[in-house]
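These are my notebook entries from a look through one protein chain. I recorded what I looked up, entry by entry.

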Amino acid sequence: MKKTGFFHRSELTEALWAFRREFIVVGIFSMVANVLMLAPTMYMLQIFDRVMMSRSDLTLIAMSLITLFFFVVMAFSEWMRSRVLVQAGLRLDGVLGARVFNASFEARLTQSGASVARAFGDLIQIRQFVTGNGTLAFFDLPWAPIYLAVLFFLHPVLGYAALVFAVLQGALAWFGHRHTVAPAEEASKAASESGAYLQSKLRNAEVLESMGMVHNLRPHWQARHDKALEMNGRAQALIHRITAWSKFIRYSQQSLALGLGALLVIDGQLSPGGMIAANVLMGKALAPIDTLVGTWRSFIGARSAFERLETLLQLHPERDPSLSRVAPQGAVTVRDLVASAPGRAQPILKGVSTAVPAGTVTVVLGPSGSGKSTLARCLMGIWPGVSGEVLLDGLPIDGWDRMELGPHLGYLPQDIELFEGSIAENIARFGEVDAEKVIAAARSAGLHEMILRFPKGYDTPIGEAGNLLSGGQRQRVGLARAVYGDPVLVVLDEPNANLDDVGEAALVSTVQQLKARGCTVFLITHRPGILGVADRLLILQDGMVQADGPRDAVLNALRAAQSAAQSPPSPPPAAAGGLQPIPA
Ligand SMILES: Nc1ncnc2c1ncn2[C@@H]1O[C@H](COP(=O)(O)OP(=O)(O)OP(=O)(O)O)[C@@H](O)[C@H]1O
């Protein structure tokens, strides 16, 4: 449960908070390991100041055995704490993986500006930090004062020297933090922008290669790449300078501590054993600070990753499973639908309204750019900037849980969007392949015989985005995927764009079968040949409804408008929205 008010924790903090027990266990093992880290120091003191003086073999053996035992316990504690952290990291991934996956997809749809491609990289970065040296150094840090106290106990000058070095290391860490965060962030942003640019162009490699566009695009990429290089160079230079200073302080500390101990020994204020022990102790007291300095970059990286991921999860909260509803029937109502897009002054859809009873076929017509595909996306509840309502069985479509609603919907987008995998997997929407349902969907899309002619039948791999299939085959596989599992609402965006006459006849039969089982169908097309299957027509013009109603009524009205417009010499009417002449 999320806490409210002062104790409110974000979802991500809550996920980490759930591992508090593990962190306590790590703290306990760290305590044991750190206390036992005093064992070599004590051993050294005993060897130099006691065994060497008394020359007692027995004391040496006893001291060695005890110290060995301490080492075993120390090694076990170190191993256990790393193990607990690694397991916690895996569990964290398990807890957040699905959420980040879903939120990434939602973010992609809403284009909310959250860094989608980075989301999983961010999760890995957080996990690696939480399970890495940074966290261990954080647990070791509180024990540094114990070593300091022992140093003060050996000689106050040694204690003060350690303090000075600690302050120097700390100041360096702070300086590094202040001055390198922004350049490092900018460098990583520039690098991912350059990578994303290249990636997006690689997707269209055929077009670029065939028309010799590679040469033209290279300078665009080079500019981004150069910027990334420059940023990276600047950040690296700073980081290297800080690392060099850090090394200087560390080496100085090691040697100066020994020199200081020697001075105290010469002065008779410290035993030789104390000198060696102090040297080791000082190294241990400063090691966590050293590690923190070494890991502050990953800390900063993990912190930014944490913030980005937190924003992503906040913008795309988990849907409440209690909202689960009964299976929809397929009645669709659209009310005053206004769909906008970033960077466009005018909305794409400007107040579209229609009401479609369950089990009817609506053919959507209109000229290019009139908003048909946008309407299709709104009907699927996947268009981000909308006002007005799209209701499925009277309930807002974007309020449904997608996992729950998805199987009841079928969608064939204009660019089909198949995925690498087999034909069967694509038709089955990458869920569990139910052979009977897959074959039924393929039959329904008039694809079954064609698939059987492939050497591997339904197991034929279709390549990335289906590029091993022809345009018409891709469209039919997309159609079979849309009708898979008997959905109640199917939206087909230009499903006949790549089809020959046989394919179009199969499409008509598919739509008739869908209708026969009570499925609501929206079919977007430019080709009037398919109007025969329509119960209703919806004609869009410039984002507005120009005509809507039963097919014959709309057609009669259009014909009347056409003949009225043809009697005086006047330009052909735009009534049919760029449609070829309405067949009689
Ligand atoms: N993501 C988007 N961002 C901004 N504008 C968009 C976006 N998608 C579509 N548009 C614009 O919205 C308008 C309608 O596009 P839409 O794809 O809905 O038209 P359409 O009627 O399906 O056209 P066609 O018949 O050519 O497929 C177009 O002017 C297009 O430029």
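**Entry 1: Annotation and conventions.** UniProt positions are given here in the numbering used for this chain, feature names are shortened, and annotations may be inferred rather than shown by experiment. I noted that residues are numbered from 1 along each chain as its sequence is written. The model is predicted: local features need pLDDT of at least 70, side-chain atom pairs count only at pLDDT 80 or more, and totals for chains, interfaces and linings use all residues.

I looked up the UniProt annotation "transmembrane region", which comes from an unreviewed entry and covers residues 23–45, 57–76 and 146–168. I then checked two of these spans against the helices (DSSP runs of H or I, at least four residues) and strands (DSSP runs of E, at least two), both numbered from the N terminus. Residues 23–45 are 96% helix and 0% strand, with end C-alpha atoms 34 Å apart. Residues 57–76 are 100% helix and 0% strand, and their end C-alpha atoms lie 28 Å apart.

**Entry 2: The chain as a whole.** I counted 19 helices and 10 strands in the protein chain. For burial I used C-beta atoms placed from the backbone: a residue is buried if 20 or more other C-beta atoms lie within 10 Å of its own, exposed if 12 or fewer, and partly exposed in between. Buried residues make up 35% of the 584 residues.

**Entry 3: The sheet.** In what order do the six strands of the open sheet stand? I read the order as S6-S7-S8-S3-S9-S10, with mixed pairing; two strands pair if DSSP finds at least two bridges between them. Strand S6 (409–412) and strand S10 (544–550) are at the edges with a single partner strand each, so one side of each has no neighbour in the sheet. The twist averages 10° from one strand to the next.

I followed the pairing further. Strand S7 (489–493) and strand S8 (520–524) run parallel and are joined by five bridges; aspartate 493 stands opposite isoleucine 524. S3 pairs with S8 in the parallel sense over four bridges, and valine 364 has isoleucine 524 as its bridge partner in S8. S3 also pairs with S9 in the parallel sense over four bridges, where threonine 362 stands opposite arginine 536.

**Entry 4: Burial of S3.** Is S3 mostly covered or mostly open? I found that five of its five residues are buried. In a regular strand the side chains alternate between the two faces of the sheet. Val361, Val363 and Leu365 are buried on one side of S3, and Thr362 and Val364 are buried on the other.

**Entry 5: Proline 317.** I located proline 317 in the loop between helix H11 (272–315) and strand S1 (332–339). Why does proline 317 count as exposed? It does so because it has 11 C-beta neighbours inside 10 Å. The C-alpha atoms of proline 317 and asparagine 102 are separated by 9.7 Å, although the two are 215 residues apart along the chain.

Terms used. Axes fitted to C-alpha atoms, helices over the stretch in contact; angles between N-to-C directions.
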